[in-house]
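The following questions and answers walk through a single protein model, with the cut-offs stated as each term comes up.

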Amino acid sequence: MADNLSKTSTAKKLVKDQRVLLAIVIAVIVVAISIINPKFIALSNIVSIFQQICVLGILTMAMSILLISGGVDLSIGNIMVLSGVVMYLLINNNLPLPLAIVAGMGTGLLCGLLNGFVIAKSKCIPLVITLGTSKAFYGLALTASGGRIMNFGGAFDGLKVKFFEVFSPMLLVLIVMIVLAYVMMNYTKFGRRVVALGGNEKNAFLSGINVTRYKVVVYGISGLFCAVASMVFIARIDSITANAGMNYETNALAAAIIGGVTFDGGKGTISGAFLGCLLMGVISNAMNILGVDTNVQTIITGAIIVGAVVLSNINNIRKK
């Protein structure tokens, strides 16, 4: 009898687990689209899906960590671009690539730390602060680039060289960033304190957590993730423009929320966020395979974002 109750309890937990539901949805979509067009299940297309979500996947990790900490950042797309612009300017002036990469990473880190410092000290809503800094970072990128397309001349081609005609280092970078975020949030004291901070900031403070320091550090880590995403973005298309970061923040936010990370803070998982990102990539690729008009794809993506936000707030709706 006890065993049966235990099995029933486990089954209920699995059904309620957002990650299980996402895995089922992804599997259903894959099977359905493969029946319509067998090319969808081809190895080359599967690899293509993962390559397409490399940038979004890294940014989703950054957004997820921020949301779990009780924050949010609408400037991650423009931090990514500004990091890329800095790398371009240094490479264009014949500075060594490693130095350009360090400068790009430093730019991402500084932008993130600035966001965290202003938010922590002003105690203002992160959504509003990062909306403002997003405009500032975009303006800096636009001014520095002169509004032109910046071509890197294959500087980051090493990240897209395919092994066995399939696997590319870009996928490895994505995997490393996901594992790094997962380990940090699940197996370190820092991660546990970030969850505590997001769950209840006042209690976190009373328990001895330096709230200001942790907020600044979390945003700094997010900025570093954005800089890494910038290198992957450049590797994919070998160029960058000041407006290249548009919509990445909303897509990363949607992917995280679809994956079970909420605006409430202290809730959600890195694995769930990745599955949310993967679902968005699968849907996008499926629409391309089926020849759905680009404008219609934009409408569908918008509907997905709205649906994700509503679902993330479903518990609050039920309480009322």
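Contact here means heavy atoms within 4.5 Å. This is a predicted model, in which local features need pLDDT of at least 70 and side-chain atom pairs count only at pLDDT 80 or more, while totals for chains, interfaces and linings use all residues. Residues are numbered from 1 along each chain as its sequence is written, and side-chain values use heavy atoms, with hydrogens and water left out.

Q: Which residues is valine 72 in contact with, leaving aside its neighbours within four places in sequence?
A: Valine 72 sits in the loop between helix H4 (54-68) and H5, where helices (H or I, at least four residues) and strands (E, at least two) are DSSP runs numbered from the N terminus. Its relative accessible area is 5%, so valine 72 is buried, a term that means under 20%, with exposed over 50% and partly exposed in between (1.4 Å probe, protein chains only). Once neighbours within four places are set aside, the residues in contact with valine 72 are Met63, Leu66, Leu67, Pro126, Leu127, Thr130, Tyr219 and Leu253.

Q: How far apart in space are valine 72 and glutamate 249, C-alpha to C-alpha?
A: Glutamate 249 is one of the buried residues of H12, and valine 72 is buried as well. The two are 177 residues apart in sequence, yet their C-alpha to C-alpha distance is 9.6 Å.

Q: How many of the 11 residues of helix H12 are buried?
A: Helix H12 covers residues 248-258 and is largely enclosed by the rest of the structure. Its buried residues include Tyr248, Asn251, Leu253 and Ile258, and glycine 260, with a positive phi near 100°, follows the helix. The number of buried residues in H12 is 10.

Q: Are the rings of tyrosine 88 and phenylalanine 152 stacked or edge-to-face?
A: Rings of Phe, Tyr and Trp (its six-membered ring) pair if their centres lie within 6.5 Å, and planes under 30 degrees apart count as stacked, over 60 as edge-to-face and the rest as tilted. A search of the whole structure finds 5 aromatic pairs. In the pair of tyrosine 88 and phenylalanine 152 the centres are 5.6 Å apart and the planes stand at 70°, so the arrangement is edge-to-face.

Q: Which parts does the pair of tyrosine 88 and phenylalanine 152 tie together?
A: Both residues are buried, and Tyr88, Phe152 and Phe156 form one aromatic cluster. Because tyrosine 88 and phenylalanine 152 belong to parts that are 64 residues apart in sequence, the pair ties together helix H5 (residues 76-92) and the loop between strand E1 (150-151) and helix H8 (169-187).

Q: How many disulfides does the structure hold?
A: A disulfide is a pair of cysteine sulfur atoms within 2.5 Å. The sulfur of cysteine 111 is 8.7 Å from the closest cysteine sulfur, in cysteine 226, which is too far for a bond. Cysteine 277 is in no disulfide either, since the nearest cysteine sulfur, that of cysteine 54, is 9.1 Å away. The number of disulfides in the structure is 0.

Q: What is the relative accessible area of valine 179?
A: Valine 179 is found in helix H8. Valine 179 counts as partly exposed, with a relative accessible area of 45%.
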